[in-house]
Structures are given as structure tokens and as C-alpha cells.
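Please look over the notes below with the structure open.

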Amino acid sequence: MKTPVLSKSESSFFRLFILSILAINFIRCTPPPPETPVDDSYKKKLITHEDAQILFDEYTKTNNRILADARNGQPDSRWYSFTIEEMEGYINYVKENAKKQNLKNVGIKIYLGKYPVNHPANKMAKPEFAGYQTIFLMPTAKKERSSDARMKSREISTDENQKIETIQPMNMTNLSPPPNSYSDAMN
């Protein structure tokens, strides 16, 4: 009489074992989902270093001279910087919060500002920035229009995004107050 090599329970276990190995291999071999492609519309807005120098020089000849005159010959800050990591972190913060709030057409406006002379030191990247102009980033989104016809007639039509009051702006940038001499170089 012939005895089966595997009993029913051993055979079921063996099949389950083989299926598990196949499933694990299939899952491990499945490539991760593709990343969302980055919008490349910025490429149309790139300028040359020469164009940047023209903008810097024009500001130096006009606006900066007015500011220096108003500051009794003392020049104001001329450039501001964030690290790539700070910018990426802030952009992700804005995106995540906008998504939670179901906001569309999210952007960031860059505003000019000025630290008051007596501004708290812990609200600036460095205490010596008091009295200098700065920039801050403001999250924005398209304003949703009301479907009520009476309300529509009172609204001002604009293509500009409106600031998002529920997401914090960002400042604490590094800025470069120039030395007491006139600064005409772009670093």
C-alpha cells in the first residue's frame, strides 16, 4: 500500500508557505508609486545673472538712494536669505495646512517690511537687524466666490490671491545690512 508523501494538513501548510513566499516577493518587487512631478512653470520665469544685475543696479540708483537719504545716509538692508531646507519646510507646511482646509490655488507672496528700532530681539534672526527692512512670506489662496448673486455684486473682482489667515507667515530671515559705506555690489 502506498503512503502519501504529505498528509492533508502538511500539504495545506506547504501550499500556504509557497503562496506566502510568492506574495512577499511580489510585494517587494512592486516599484513604489511614482512621485508627483514638480511643476516646471518656474522655468519661464528664470532670468540671467546679467538681468539680475540690471534689476539690482536700478534699485541701487533709485529706491535705495531714497531710503539711504531718509536714513541720514545710512543704507538699508539689500538682500535676504533662507536656506533651501527652510524654504522647503515652509512650502510643505503651507501645502499641508492648505490641503487640510481644502484651499485651492495656493501661493506665497513676498512682502517688504521693516523691523521697528525697539523690535524684540527674539522676533528677528539677529538683534542688530532692528531698524532695517526685511521680507516675510505670506501664504495665499484664491478667494472662493459666493454663489449668492447679491453678494457677488458687492465683491471686488481680483485675480490676486488673498492671504490665508489660518496659516502663519514666515520671517526670521537672514538679511544683510550693508556697512556704513554705499553698497553697489550684488553678493
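1. The model is predicted, so local features need pLDDT of at least 70 and side-chain atom pairs count only at pLDDT 80 or more, while totals for chains, interfaces and linings use all residues. Residues are numbered from 1 along each chain as its sequence is written, and side-chain values use heavy atoms, with hydrogens and water left out.

2. Side chains of opposite charge can pair when their charged atoms come close. A salt bridge is counted when a side-chain nitrogen of Lys or Arg lies within 4 Å of a carboxyl oxygen of Asp or Glu. There are 3 salt bridges in the structure.

3. One of them joins Lys 61 to Glu 58, with 3.6 Å between the closest N and O atoms. Both residues belong to helix α2 (residues 49–61) and sit 3 residues apart, about one turn of the helix. Helices here are DSSP runs (H or I, at least four residues), numbered from the N terminus. Lys 61 is exposed at 51% relative accessible area, and Glu 58 is partly exposed at 41%.

4. Arg 71 and Asp 76 form another salt bridge, at 4.0 Å from N to O. Asp 76 is buried, its relative accessible area being 2%.

5. Lys 163 pairs with Glu 165 in a salt bridge of 3.5 Å, N to O. Lys 163 is partly exposed, with 47% relative accessibility, whereas Glu 165 is exposed, with a relative accessible area of 64%.

Definitions and conventions:
Helices (H or I, at least four residues) and strands (E, at least two) are DSSP runs, numbered from the N terminus. Buried means under 20% relative accessible area, exposed over 50%, partly exposed in between (1.4 Å probe, protein chains only).
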